[in-house]
Amino acid sequence: MSRAAASGTRSGKPIGRPRIEPETEASIRAALQKGDMGMRKVAVQFGVATGTVQRIAKGLAPSIGA
């Protein structure tokens, strides 16, 4: 428990959700750049939350003009 407290957790488990796989993120980026689907449809297709798609799209904003 002392080691967990030193690393900032109570149980030793990391805080928060695990990140999505890099391959999934790359696929989401490609789908967004293609532009034929909205964020909700992309989220459903890849099994992620719409917030995840929005976060990825925010990183693409300068390159896609959004």
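This is a predicted model: local features need pLDDT of at least 70, side-chain atom pairs count only at pLDDT 80 or more; totals for chains, interfaces and linings use all residues.
Author: Local features need pLDDT of at least 70 and side-chain atom pairs count only at pLDDT 80 or more, while totals for chains, interfaces and linings use all residues. Residues are numbered from 1 along each chain as its sequence is written, and side-chain values use heavy atoms, without hydrogens and water.

Reader: What makes up the pattern along the sequence?
Author: The pattern is α-α-α-α. The protein has 4 helices and 0 strands. Helices (H or I, at least four residues) and strands (E, at least two) are DSSP runs, numbered from the N terminus.

Reader: Why is the pair Arg 29 and Glu 25 called a salt bridge?
Author: A salt bridge needs a side-chain nitrogen of Lys or Arg within 4 Å of a carboxyl oxygen of Asp or Glu. Here the closest N and O atoms are 2.8 Å apart, so the pair counts. Both residues lie in helix α2 (residues 22–34), 4 residues apart, about one turn of the helix.

Reader: Why is Glu 25 called buried?
Author: Buried means under 20% relative accessible area, exposed over 50%, and partly exposed in between (1.4 Å probe, protein chains only). Glu 25 has 15%, so Glu 25 is buried. Arg 29 has 30%, so Arg 29 is partly exposed.

Reader: What makes Lys 34 and Asp 36 a salt bridge?
Author: Their side chains meet at 3.9 Å, N to O. That distance is within the 4 Å limit, so the pair counts. The rule gives 2 salt bridges.

Reader: Are Lys 34 and Asp 36 buried or exposed?
Author: Lys 34 has 64%, so Lys 34 is exposed. Asp 36 has 52%, so Asp 36 is exposed.
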